[in-house]
Amino acid sequence: MTGWTLLAVALGGFAGGALRGWLTTVLGPTRDGFPRGVLAANVAGSLALGTAVTALPAGSAALALAGAGFCGALTTWSAFSLDLVVLLEHRRHRTAAGYALLSLGAGLLAAALGLLLGTWLQESLTP
Amino acid sequence: MTTPPPTGTHVLLVAAGSAVGAVLRFLLDTAAGGGWALWTLNLTGAALLGLLTGLLRGHRSGRWLTPLLGPGLLGGFTTFSAVVVLVVGSAGPVVAVAQLAAMTLLGALAAWAGLVLARLLRRDRDVRAEVRR
C-alpha cells in the first residue's frame, strides 16, 4: 500500500460522503420517518461497487478510489442501524421492517446487477 | 433545539468526516483482512453512532459536530455496499440471507446500546450538576 492509495481512498471517500450528505438533504425522511436518502445512497452505492470490483483491476488505485473510497463512503451501515432503532423506538414497526427489507433486497439486487454490468464492461473494453 | 447548518455546510462536513472514515476503514480492513473486519467495523461504527447521537442531541456544538462525526466520520467508516457485494459474490442464498439478517439485527442492537449508554451518561452528568448546585 502506498501513500497514493490512501490519497485515492480519501478523495473517493470525500466524494462519496458528499453525495450521501446531499442525498439525505434533498431526500429527507417521509412523514412516517422512512429514511429515503440513506436507502437511495445504499442501493446506488451497491450497484456502483458491484460494477467497480468486476470492471477495475484488483489492487489498483482506481479501485481504491471508486470502491473503498467512493462506494464505501456513499453507503453506510451505522445510519442504517440507528435509523432502524429510531423507527422502532417511535413504534413504527412496519416502517422499520419495510426499510430493512427494502434496503437489503434492493441492495442485493443492485450488487448482483453491478457484478454483471462490470463483467460485461470489462469484457467489452478488453480487446 | 438547535437548527441544522445550511445544506452546503452540511454536505462539506459530511464529506470531510467521510474522507477520514474511509481511510480508517481501508487501513483496518487491509491490516485485519477477511470478512470479520467488516463485521467489526460496522458494528463498532453503529454503536459509536448511537453513543454520539445520544450525547450530542440538543447540544449547541452538536450543530456542527453531529454531521462531521456522525454521518461523516462514522458514516464513511461503516459500509453497506461491501457487505451486499461480498454476500452476492460468495455465499449461497440461505447463508446470504442469514448473514444479512444477523448483521442487521446486531447493528441495530449495537446502535441501541450506544443510545442507552449515552442516556445513562447524560443522566449521571445531570445528577452531578444537580448535587453541585
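Below is a chat about a predicted model with chains A and B.

Visitor: What does the secondary structure of chain A come to?
Guide: Five helices and zero strands for chain A. From the N terminus on, that reads α-α-α-α-α.

Visitor: And what's the run of elements in chain B?
Guide: Chain B also runs α-α-α-α-α from its N terminus, with five helices and zero strands.

Visitor: What does the C-alpha trace of each chain span?
Guide: Along its principal axes, chain A covers about 55 × 30 × 25 Å. For chain B the spans are about 60 × 35 × 25 Å.

Visitor: How much of chain A is buried?
Guide: Buried residues account for 46% of its 127 residues. In chain B, 42% of the 133 residues count as buried.

Visitor: Okay, surface next. What's the accessible area of chain A?
Guide: About 6,100 Å² for chain A, and 72% of that belongs to carbon and sulfur atoms. Chain B exposes about 7,000 Å², with carbon and sulfur atoms supplying 72%.

Visitor: Switching to pockets: what volume does the largest one have?
Guide: The largest pocket comes to about 1,200 Å³. It is lined by 40 residues, and the closest to its centre are D83(A), H10(B), T53(B), T66(B) and P71(B).

Visitor: Which helices supply at least two residues of that lining?
Guide: From chain A, α1 (3-26), α2 (36-55) and α4 (78-89) do. From chain B, α1 (7-32), α2 (35-56) and α3 (62-77) do as well.

Visitor: Which element gives the most?
Guide: That's α3(B), with six residues in the lining of the largest pocket.

Visitor: What about α4 of chain B, which residues are buried there?
Guide: In that helix, residues 81-90, the buried ones are S81(B), V83(B), V84(B), V85(B) and V87(B).

Visitor: What do the buried residues of α4(B) pack against?
Guide: Elements of both chains: α2, α3 (61-74) and α5 (93-125) of chain A, together with α2 and α5 (93-132) of chain B.

Visitor: Contacts, then. In chain A, what share joins residues at least 24 apart?
Guide: Counting contacts between residues at least 6 apart in sequence, 72% in chain A. With a separation of 6 or more in chain B, residues 24 or more positions apart account for 84%.

Visitor: Last one, charges. How far apart are the mean positions in chain A?
Guide: They are 12 Å apart, for 6 positive and 4 negative charges. Chain B has 11 positive and 4 negative charges, and their mean positions are 6 Å apart.

Conventions: Residues numbered from 1 in each chain as written. Chains lettered and ligands numbered in written order. Predicted model: local features only at pLDDT ≥ 70, side-chain atom pairs only at ≥ 80, totals over all residues. Heavy atoms only, no water. Helix = DSSP H or I, 4+ residues; strand = E, 2+ residues; numbered from the N terminus. Buried < 20%, exposed > 50% of the residue type's maximum accessible area, 1.4 Å probe, protein only. Contact = heavy atoms within 4.5 Å. Areas by Shrake-Rupley, 256 points an atom, 1.4 Å probe, with all protein chains shown as cover. Lys, Arg positive; Asp, Glu negative; His and termini not counted. Charge placed at Lys NZ, Arg CZ, Asp CG, Glu CD. 1 Å grid on protein atoms, 1.4 Å probe; cavity = no way out; pocket = protein on both sides within 12 Å on 5 of 7 lines; lining within 4 Å. Points joined across faces, edges and corners; volume = space filled by probe spheres on them.
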